[in-house]
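Dear colleague,

My notes on what was found in it follow directly after.

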There are 2 protein chains.
Amino acid sequence: MPELESWRTLKRNLLLDRSPWMRIYADDVELPDGQIVEGYLRLESPSYVTIVPLDRKNRVGLIRSYKRGVDAIDIQPPAGIIEAAEPPLQAAQRELIEELGCSAEAWHSLGSYVLGGNFGGGPAHFFLATGCEQIQAPDSGDLEEQQVLWLPLPEVRQRWLAGQFRQLASVAALGLALAHLDSPDGTSSSAGVEVQT
Amino acid sequence: MPELESWRTLKRNLLLDRSPWMRIYADDVELPDGQIVEGYLRLESPSYVTIVPLDRKNRVGLIRSYKRGVDAIDIQPPAGIIEAAEPPLQAAQRELIEELGCSAEAWHSLGSYVLGGNFGGGPAHFFLATGCEQIQAPDSGDLEEQQVLWLPLPEVRQRWLAGQFRQLASVAALGLALAHLDSPDGTSSSAGVEVQT
């Protein structure tokens, strides 16, 4: 198979700066065949973490709130933006405490992903947190009024398959977490890498 | 549990218009407690489809190309933007022909999802296409130079679990498709709704 080549950035034009939430660029790029494309859009948005927390009763911790992007009440795993210079795992641990008041026994990385294949954004870092235990009251500090739900794993799986989680990151993170929990060697598989805490 | 309430839009300000690719709004909103938040960002981006195609040899059809949003060579299921007034299923069938030159025996809806819980975007409509068969040469018309790969289902599952698909939509759609194909009653489960073609 002949090797594919990257595109080359010729010039970047900042169209909109709403830092730290969003910057939009129009990039002039050169394709491998020499073709020039002007104004290819790029989104820069904060890196964030999404955590799928499992407690010792095999229940998944979830947040129910009005989400502006969905324009509806939605249920999702805890998630939040990474603060400046914060390692993703540390952000995940902070968000789990803030949103659910929980600490976890073990943390497993489920990978890092960009929001859009064309315009970029993020990335999102996913974690599975097992052996979760409530150690304090949740205090998210988010704009949204939030309710914490602990749902049995089979119910979460059923809702996920039925398309009831409405955000792309929720669907992606829950799918990976459910597969790791279902795999014969559980979360110790080479794919779901346990991370040092 | 007390019922959660939606936010109310007071005013919309169009910050950036790069139609049909992207529009950015700053919305002034009123929260249920009466708090006013000014300039909450909203992304409007095209609806698109992502298709997970399975052939009769249990192989998944994938596209390998340089993706600008990832800034790397990436492998992903076929996907594309819905054209004006086109129903999502029809867009999925068109993209499967354009990108892989394939038609499918059966189509199963895997749900519709927004890109970002806060800023919105999309939605993305996911489909599983089974019994795929090549009927013509691929001709995507995309900017990217593309290679078509047909990988065995277990290898796709392994790559997915290992975090090798780099885009959020790929990870979400593959996860749902793999779960439907693994479920005891296969793709005829109530969750993976077969759709009329």
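**Symmetry of the two chains**

Chain B can be superposed on chain A with an RMSD of 0.0 Å by a turn of 180° and a shift of 0.0 Å along the axis; the copies are fitted by least squares on the C-alpha atoms of residues with pLDDT of at least 70 in both. This is the relation of a two-fold axis. Within chain B, the C-alpha nearest the axis belongs to B:Ala172, at 1.9 Å from it.

Please note that this is a predicted model, in which local features need pLDDT of at least 70 and side-chain atom pairs count only at pLDDT 80 or more, while totals for chains, interfaces and linings use all residues. Residues are numbered from 1 along each chain as its sequence is written, and chains are lettered from A and ligands numbered from 1 in the order in which they are written.

**Overview of chain A**

Chain A contains 3 helices and 12 strands; these are DSSP runs, numbered from the N terminus, with helices (H or I) of at least four residues and strands (E) of at least two. The C-alpha trace of chain A spans about 60 × 45 × 35 Å along its principal axes. Of the 197 residues in chain A, 43% are buried. A residue is called buried if 20 or more other C-beta atoms lie within 10 Å of its own, exposed if 12 or fewer, and partly exposed in between, with C-beta atoms placed from the backbone. Among the contacts in chain A with a separation of 6 or more, 61% are between residues 24 or more positions apart; a contact requires that the C-beta atoms of two residues, placed from the backbone, lie within 7 Å.

The domain assignment divides chain A into domain 1 (8-44) and domain 2 (48-195), the bounds coming from an automatic or database domain assignment. The C-alpha centres of these two domains of chain A lie 31 Å apart.

**The interface and the cores**

In chain B, 53 residues are in contact with 53 residues of chain A. The elements of chain B that give two or more residues to this side are strands S1 (8-18), S2 (22-30), S3 (36-44), S5 (59-67), S6 (72-76) and S9 (106-113), together with helix H3 (168-182). H3(B) gives the most, with 7 residues. By class, the side of chain B that touches chain A has 32 nonpolar, 13 polar and 8 charged residues. Here Ala, Val, Leu, Ile, Met, Phe, Trp, Tyr, Cys and Pro count as nonpolar, Asp, Glu, Lys and Arg as charged, and the others, Gly among them, as polar. Since 100% of the interface residues of chain B are also interface residues in chain A, the copies meet through the same surface.

The largest nonpolar core has 84 residues, and those with the most contacts inside it are A:Leu168, A:Ala172, B:Leu168 and B:Ala172. Such a core is a set of buried Ala, Val, Leu, Ile, Met, Phe, Trp, Tyr and Cys residues joined through C-beta atoms within 7 Å. Another core, of 12 residues, lies apart from it and includes A:Met22, A:Ile24, A:Leu43 and B:Tyr25. Leaving aside its neighbours within four places in sequence, B:Leu168 is in contact with A:Tyr113, A:Val114, A:Leu115, A:Ala124, A:Leu168, A:Ala169 and A:Ala172.

**Helix H1 of chain B**

Helix H1 (residues 88-100) of chain B has 13 residues and reaches 18 Å from its first C-alpha to its last, close to the 18 Å expected at 1.5 Å a residue; the expected span is 1.5 Å times one less than the number of residues. Its buried residues are B:Ala91, B:Ala92, B:Gln93, B:Glu95, B:Leu96, B:Glu99 and B:Leu100. They pack against several strands of chain B, including S4 (48-55), S7 (79-81) and S10 (124-134). Just after H1(B), B:Gly101 takes a positive phi of about 70°.

**Backbone points to check**

Most residues other than glycine have a negative phi, and most peptide bonds are trans. The peptide bond from B:Ser19 to B:Pro20 is cis, with omega near 0°, and B:Pro20 sits in the loop between S1 and S2 of chain B. A further cis peptide bond joins B:Gly122 and B:Pro123, with omega about 5°; B:Pro123 is in the loop between S9 and S10 of chain B. B:Asp71, which is not a glycine, has a positive phi near 55° and lies in the loop between S5 and S6 of chain B. B:Asp71 counts as partly exposed because it has 15 C-beta neighbours inside 10 Å.

With kind regards
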